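Here's a quick briefing to read with the structure open in your viewer. Take the topics in any order you like.

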Amino acid sequence: MISYLVTVVILVAIAALVGLALNLQWGLAGLVNFGVAGFVALGAYTLAISAPHVGWLAGLALSAAVCAGLSMLLSLLTIRLEENYLAIVTIGFAEIVRILLLNLGDLTGGALGIADIPRPFAGVTPAGWGDAVILAFALGLVVIVFAFSEALVRSPFGRALRAVRDDATAAAALGKPVLALRVRAFAIGGAIMGLAGALHAFFLTYIDPSQFTPIITAYAFMAVIAGGRGSNLGLVLGAGSIMLILEATRFLKDVIPGVDGVQLSALRLGMIGVGIVLLLILRPEGLVSEPKRRFADFFPPESEKA
Amino acid sequence: MALQLFINGLVTGLLLALPALALTLVFGILRFANFAVGAFLTLGAYAAYTANVVLGLPLPIAAAVAAATVALASLIADALVFERLRMRGSITLLVASMGVSLVVENICRFIFGNAARSFDLAVARPIRWNGLRINHEQLITAGVVVIALVLLHLLITASPLGRAMRAVADNASLAAVRGVERRTIARITFALTGALIGLAGVLAGLDRAIDPLMGWNYQIPIFAAAILGGLGSPIGAVAGALLIGVAEEMSALILPVSFRQIVSFGVILLLLLFRANGLFGAKAIRK
Amino acid sequence: MSARPCDPKAEELSLALAVSGLRAGYGRGGDIVCGIDLAQKAESIVAVIGPNGSGKSSFIKTIAGLVPTRAGTVAVTGRDITTLSPARRVASGLAYVPQEANIFATLTIAENLKLATEFLRGRAGVGPEQREKVLDLFPELRLRPRTLAGNLSGGQRQMLAFACALLANPEVLLLDEPSAGLSPKIVGETMEAVVRVREAGVTVLLVEQNVAAALGIADEVVVLVAGRLTLRASAADIRQADLAGLFFGKAA
């Protein structure tokens, strides 16, 4: 039971990290990333491949750096185009990552994946304390990333990002370097997703491509929508409650007779879809709304003017 | 070998043309990329499977059932979701379409499970000619898509409805003051594109096994085709689909088959690097 | 001179266009049109002038139904159209020519003309006769029906836009700055076209930045400042010299 609770808390922590990252990219900077699962997978694999050689800390840094670099490239490609293009490119990126993981067997182990991933502080952990250490590590990571995100939101960089999101033209007219701001935000978000992937690999010590389905992306969007775009606190609450609800639905099988495993997972995933749509329609501001007033209240979007 | 791959590629491209066209038509009118295209394609395949295998109807009738089912599903998605979010901008619509995609895909999974299924179809001997091999499914696909494209071309270029669709895509508020209700045109567009996607689902089911992720696997090539043609340009989408189909199949000459799907993504990246408006000169879609 | 509030009830039936207490704005912002009353006699030309940002364009868009009405009513030939969609307003006899993008650039001239009427079910007098009448007013549109409208010059576009609006056989024609972006010679031709339109029996409400051009053809002038009407007078009574003061509200 204790180890099950630890599992749940660590899953919440991973979801919270992914959510914080997406919140920075989409909530704060207005950049849609449909390839979240790909970045998480990339982070996990970078860690799994590098950590045995360079140690867990350097591996962690490398995960963040690789994901940041690729995020930057993808956003640079599409940053001058409509939102739709970044969404398409990122979704394609995630597919490519999945295909490469499956097919570059020498490096990634193909469908079998990689086992025996070293955990942080593995050498100095007393026997039987493994779960406690990884739990502390996960919570520590969330606290650090949360504090960083909060500081970012309140910084001039965060304010500029919000301005750019709400009205890129007006922000450009005010002299904000719009493109650079967006690329940077997307890269930082990518780095955090890499960290989340690394945590995933640390925790399971075994990874394979089937662990990184587009569902991760759907959860992250659900968390950001539920938590309220741009609000980090709301996000952590959102991610937490979604993971708890999802975990609770595992027990539905005992309650609803005649539903098999596949149907149950279909029900859960379908509910995520319904949740995303319903929250978008009914609670556009999320459960905890962003404190600051928005540009858009003063400058209506083109579609309303026409 | 190369010629065989080229022909296979043309057929694949024709199959992609219908959903790519659907994507681009909806984009023209509502200004968002509908990520539920793949899931609706899956729905079409399962609708035809139900009619064909469960109810024992012949495949052409099953195809009509699939087209009608997906058209109806698109109308429902529009009424319940997209219309309500229309004023909130394309990012919100994008994310909502992802939600719709999850719902549709998992309705299929809930009813039919993850097992691969196929239509009840007599296996026919392929036609051989000069070392080329063309099977009946390919002929059916080519014939159905070409007829659909010709009809659609006539509809778009020569009918009042087509004019109205192009007018709304060009300038929605001007269309409104010329007496064209955007709402009506959007509904008709959703129904029409739904039927196209449903039909594509049936053709895809002829080509490969039907499972809940089937449409998802077409998603990237569909988007690549639409971007290649310039989002919003119908002719461009068809040409883009043919190019993507041929590029994917011909890539077998230089790449292992498992890397085939990378081709579409590579095309998207190259295009964005060098010619973001698509090959066919649609209006720039910049911010 | 002072703003003259109209009495819509008494005059309603003889009026082509009756606007009363009209308020409108965008999104969650404040009112941009702040309670406007306007009564316009049939077959007259009324010009709306005023400084930049005074809400002229929003006013005319609200009448056309493109900006949501918050309060007040709009009636065309005595029929209340306030709750109708823009498309239904056209079918009720109200045509509108926007300032920019007033033709479908990706459609041909012939397609633009066809589209102007084919979705106006229930509008009387929309047929081949009207088409001939309108094309007689703008003969050059007959010449190259298959040309993409996007390839036309500014003046030609304006003519096509007028023609499309008139094909709906409107009682009232709303024009939003028809002279914008045109050379002085073309402005003259455009204003002549507006006069011809009125002679064909159409009531014209004209928003215009080019005050001299507007005064040249209008019967009446109303001045709009900060979303309110500050003056209404016959065009003959107004000298341009007065206007500078009016625009800044001195005589309001």
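Predicted model: local features only at pLDDT ≥ 70, side-chain atom pairs only at ≥ 80, totals over all residues.

- Leaving aside residues up to four places away in sequence, Leu17(A) touches Leu141(A), Val142(A), Val145(A), Ile192(A), Leu195(A), Ala196(A) and Leu199(A).

**H1 against H9 in chain A**

- Helix H1 (residues 2-28) of chain A packs on H9(A) with the axes 8 Å apart and an angle of about 170°.
- That angle is over 145°, so H1(A) runs roughly antiparallel to H9(A).
- On the H1(A) side, the residues that meet H9(A) include Ile10(A), Ala13(A), Ile14(A), Leu17(A) and Val18(A).
- On the H9(A) side, Ile192(A), Leu195(A), Ala196(A) and Leu199(A) are among the residues in that contact.
- Sorted by class, this contact has 19 nonpolar, three polar and no charged residues.

**H9 against H10 in chain B**

- In chain B, the axes of helix H9 (residues 214-228) and helix H10 (residues 234-250) come within 7 Å and cross at roughly 130°.
- H9(B) and H10(B) are therefore oblique to each other, and H9(B) passes H10(B) in a right-handed crossing.
- H9(B) brings Pro221(B), Ala224(B), Ala225(B), Ala226(B) and Leu228(B) to the contact.
- H10(B) answers with Ala237(B), Gly240(B), Ala241(B), Leu243(B), Ile244(B) and Glu248(B).
- The class count for H9(B) with H10(B) is nine nonpolar, one polar and one charged.

**Positive phi in chain B**

- Arg31(B) isn't a glycine, yet its phi is positive, at about 65°.
- You'll find Arg31(B) in the loop between helix H1 (2-30) and helix H2 (37-54) of chain B.
- Arg31(B) has 19 C-beta neighbours inside 10 Å, so it counts as partly exposed.
- Asn130(B) also has a positive phi, of about 50°, although it is not a glycine.
- Asn130(B) sits in the loop between strand E1 (127-129) and strand E2 (132-134) of chain B.
- Is Asn130(B) buried or exposed? Asn130(B) counts as exposed, because it has 5 C-beta neighbours inside 10 Å.

**Leu174 in chain A**

- Leu174(A) lies in the loop between helix H8 (168-173) and H9 of chain A.
- Leu174(A) counts as exposed, with 12 C-beta neighbours inside 10 Å.
- From Leu174(A) to Phe157(A), 17 residues apart along the chain, the C-alpha separation is 14 Å.

**Chain C**

- Chain C is built with nine helices and 10 strands.
- Of the 252 residues in chain C, 47% are buried.
- Take the contacts in chain C between residues at least 6 apart in sequence: 69% of them join residues at least 24 apart.
- Asp80(C) belongs to strand E5 (residues 79-80) of chain C.
- With 13 other C-beta atoms within 10 Å, Asp80(C) is partly exposed.
- Asp80(C) touches Thr73(C) and Ala75(C), not counting residues up to four places away in sequence.

Notes:
Residues numbered from 1 in each chain as written. Chains lettered and ligands numbered in written order. Axes fitted to C-alpha atoms, helices over the stretch in contact; angles between N-to-C directions. Helix = DSSP H or I, 4+ residues; strand = E, 2+ residues; numbered from the N terminus. Parallel < 35°, antiparallel > 145°, perpendicular 65-115°, else oblique. Left-handed = near helix turned anticlockwise from the far one by under 90°. Contact = placed C-beta atoms within 7 Å. Nonpolar A, V, L, I, M, F, W, Y, C, P; charged D, E, K, R; others polar. Buried ≥ 20, exposed ≤ 12 C-beta atoms within 10 Å, placed from the backbone.
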